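Subject: Structure handover

Hello,

Here is the structure I said I would pass on. My notes on it follow below.

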Amino acid sequence: MAQDLIKILIADDHPVVREGLAAMLSREADIDVVGEAADGQEAVDRVGSLRPDIVLMDLQMPRLNGVDAIRQIRERHPEVQMIVLTTYSDDDSIFQGIAAGARGYLLKDAPRDELFRAVRAVARGESLLQPAVATKLLDRFSRGKTAPAQDALTERELDVLRLLAKGSANKEIGNKLHISESTVKTHVANIFQKLDVSDRTEAVTVALTRGLIKL
C-alpha cells in the first residue's frame with residue numbers, strides 16, 4: 001500500500017457503528033482502516049501491534065473507558081493521534097476528552113465530510129473540533145483560564161487564527177492569505193505567545209472565549 005495512507009483504528013463497543021465507520025472511511029482513497037477495537041483496553045493493546053496514525057475513540061466503553069484509553073495510548077505511543085467520536089456532548093465529556101490528549105472531538109451525528117476533514121487535519125498534525133463542540137468549551141475555559149494582559153493580535157494574526165479554527169494547515173493558510181508557509185509559522189508562534197497557549201486547539205478555544213473570532 002502507498003506509504004501516505006492515513007491508518008485508522010476504530011474503537012467503539014457497538015459492532016454496527018464500527019462496521020459502518022470502517023465501510024465509510026475505507027471508501028476514501030487516502031484512508032486505510034487497519035483494525036477495530038470493541039473496548040478501551042482492546043484499543044490500547046491493538047495500537048501497539050497495528051501502529052495506526054489515528055484512533056477514532058468512543059468515550060463510554062466497557063473494561064476501559066475512552067478517556068483513560070486515550071491517556072494510556074498517548075503515554076505509550078505519543079506519535080498516535082486521537083479523535084473522539086461519541087454521542088456525548090456534555091461539557092465534562094468534551095473537556096475530559098480534550099484534556100486527555102484528543103486532537104479532535106466530533107459527535108456521531110456529524111456529517112461524513114466533517115469526519116473526513118477531521119481525520120485529514122489531525123493526520124497533518126492539526127487539531128479540529130466540531131463547531132458545536134468548540135462552543136461547548138467556551139464557558140469551561142472562561143471559568144478556568146483568565147486572560148493575561150498580552151499585546152493585541154494584529155489583523156493578519158486574526159486572519160490566521162480564523163483559518164486555524166477551520167482546521168487549515170499552514171500551507172493552506174499561506175495559500176489563502178498569499179503569504180509564505182514560514183510566515184504563517186511565525187504568525188502562529190506569535191498567536192500562541194500572545195494568548196498564552198501551547199497548541200492550536202487551545203488557541204482557538206481561548207480566542208472564541210474572548211470573542212476574538214467567531215465560528
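Predicted model: local features only at pLDDT ≥ 70, side-chain atom pairs only at ≥ 80, totals over all residues.

Sorted by class, the contact of H7 with H9 has 6 nonpolar, 2 polar and 3 charged residues. H7 covers residues 155-165 and H9 covers residues 181-195. Their axes are 10 Å apart and the packing angle is about 95 degrees, so the two helices count as roughly perpendicular to each other.

Next, the sheet. It is open and has 6 strands, in the order E2-E1-E3-E4-E5-E6, with parallel pairing. Strand E2 (31-37) and strand E6 (128-129) are at the edges. Each of these two has a single partner strand, so one side of each is left without a neighbour in the sheet. Further in, strand E4 (residues 81-86) and strand E5 (residues 104-107) run parallel and are joined by 4 bridges. Within that pair, valine 84 stands opposite tyrosine 105 of E5. Helix H5 (residues 112-123) packs on the sheet and touches E1, E2, E3, E4, E5 and E6. The direction of H5 makes about 140 degrees with that of E3.

How many cavities of 30 Å³ or more does the structure hold? There is 1, and the space in the largest cavity is about 30 Å³. Its lining consists of Ile10, Ala11, Asp12, Leu21, Leu56, Met57, Asp58, Leu85 and Lys108. By class, the lining residues are 6 nonpolar, no polar and 3 charged. Strand E1 (6-11) and strand E3 (54-57) each supply at least two residues of that lining.

Regards

Technical notes
Residues numbered from 1 in each chain as written. Heavy atoms only, no water. 1 Å grid on protein atoms, 1.4 Å probe; cavity = no way out; pocket = protein on both sides within 12 Å on 5 of 7 lines; lining within 4 Å. Points joined across faces, edges and corners; volume = space filled by probe spheres on them. Nonpolar A, V, L, I, M, F, W, Y, C, P; charged D, E, K, R; others polar. Pairing = 2+ DSSP bridges. Contact = heavy atoms within 4.5 Å. Axes fitted to C-alpha atoms, helices over the stretch in contact; angles between N-to-C directions. Parallel < 35°, antiparallel > 145°, perpendicular 65-115°, else oblique.
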